[in-house]
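The structure is shown first.

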Amino acid sequence: RRLSSVEVATFFLQRINTLGKTLNAFISVDEEKTLAAAQAADRLIAAGKAGPLTGVPVAHKDIFCAKDWLTTCGSKMLANFRAPYDAHVIEQFNAAGAVTAGKTNMDEFAMGSSNETSYFGNVISPWRRNDGSTAALAPGGSSGGSSSAIAARLCPAATGTDTGGSIRQPAAFVGISGIKPTYGRCSRWGVVAFASSLDQPGPFARTVEDSALLLQAMAGHDPKDSTSAPRAVPDFAAAARNPDIRGMKVGIPTEYRVDGTSPEIVALWSTGMEMLKAAGAQTVEVSLPHTKYALPAYYIVAPAECSSNLARYDGVRFGLRVPGKDLAEMYQNTRGAGFGKEVRRRILIGTYVLSAGYYDAYYKKAQQIRSLIARDFSQAFEKCDVLLTPTAPSPAFAFGAKADPLAMYLNDVFAVPASLAGLPAMSVPAGLNREGLPL
């Protein structure tokens, strides 16, 4: 018999309340709201008005505003903040009949690559070993709660945001699919801002087709977002069902052969090329000569925009307030107590590169490099249709394995260029390493 939406929601809520707590994948769950939405979905189904996502539980990264839900961004600064409205992406899912399963844990204000910076504690990858001999594995970041939830089957679908790899890298670490759409494809309205020229909402799912269905629901022009692309949404799901790539030219960027990349990932990359050739595609070498400047440029542009966006958290209007003897001390106390170490680090870097004496030397130069990186991609796509690259230079690592911030930043080496250029990119699972971890 066909399961009702309420039965489906109840099943996943039970998993969230057991395994979800073990993994620390969710920040907030509201069974009453979820079951009410499931009941509404059943009424739509009974009336013959169901769509592809009607009754499907979707978990949302806790950076999306959802009316009357906690929206914390993984930060003490917003630990008790309830959003007064729905983000455009949430509105789109609600209109499609989807059911909100809860809000997922994340690196604080989306700053991190391992989900170790959340005020609410680390998210644990479901791929960790339980024999006590191996440290728990990071699920990737910053959207680690969403990736862990999908991998552990706590829900069939989830949202994330990708600024410099925060959907693709977590998807890679737990062996699921994840899309960073083209910048402007999905509205940022109601998404708490980290770096406005880079942030882009996108979906997580177990399969490419499911990801396409989710992207189709969440995409669309939004007049409330000035960067939202006024373009029709194509049938992504139909495209995902068509496996014919005969005649496609697949570019292999020479500069992505980076020292320090896991030999297993290099070998898998070669296997992927052979798989595409066997399916009728042709591989061609292309050059992206400014790739080596992508990480330095990103870690100037993103902190600069972060320092500007996070200036609003001052204890005056909303969020945490720590009193002081005067206004300046109240600002200082609030921001010192409300922001974690990584967020403070990026605010300081961003403020520095935007300051009067350094703006031209750092921020302006990084924006010029960004233009050159975008041009590299445009020239490469004159020779090929798509690019095939690794998502990350290694499989999932143990918590604490990258204590040096620079070592953590280097984990984004393959993801950041597409973000700087505003291009779409997707991570798909392609195999396992010797230890049985996804690549």
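Lys 33 lies over the face of Trp 69, at 5.6 Å from the ring centre, and the charged end of Arg 257 is placed over the ring of Trp 269, 5.5 Å from its centre. A charge sits over a ring if NZ of Lys or CZ of Arg is within 6 Å of the ring centre and within 35 degrees of the ring normal.

The model is predicted: local features need pLDDT of at least 70, side-chain atom pairs count only at pLDDT 80 or more, and totals for chains, interfaces and linings use all residues. Residues are numbered from 1 along each chain as its sequence is written, and side-chain values use heavy atoms, with hydrogens and water left out.

The structure holds 16 aromatic pairs (rings of Phe, Tyr and Trp, the last by its six-membered ring, with centres within 6.5 Å; planes under 30 degrees apart are stacked, over 60 edge-to-face, the rest tilted). Two of the pairs are tabulated.

| Pair | Geometry | Centre to centre | Angle between planes |
|---|---|---|---|
| Tyr 313 and Phe 339 | edge-to-face | 6.3 Å | 85 degrees |
| Tyr 358 and Tyr 362 | tilted | 6.1 Å | 45 degrees |

Both Tyr 313 and Phe 339 are buried (under 20% relative accessible area; exposed is over 50%, partly exposed in between; 1.4 Å probe, protein chains only). Tyr 358 counts as partly exposed at 36% relative accessibility, as does Tyr 362 at 33%.

Phe 81, Phe 109, Tyr 313, Phe 318 and Phe 339 form one aromatic cluster. Of the 71 residues in the largest nonpolar core, Phe 93 and Phe 109 touch the most other members. Such a core is a set of buried Ala, Val, Leu, Ile, Met, Phe, Trp, Tyr and Cys residues joined through side-chain atoms within 4.5 Å.
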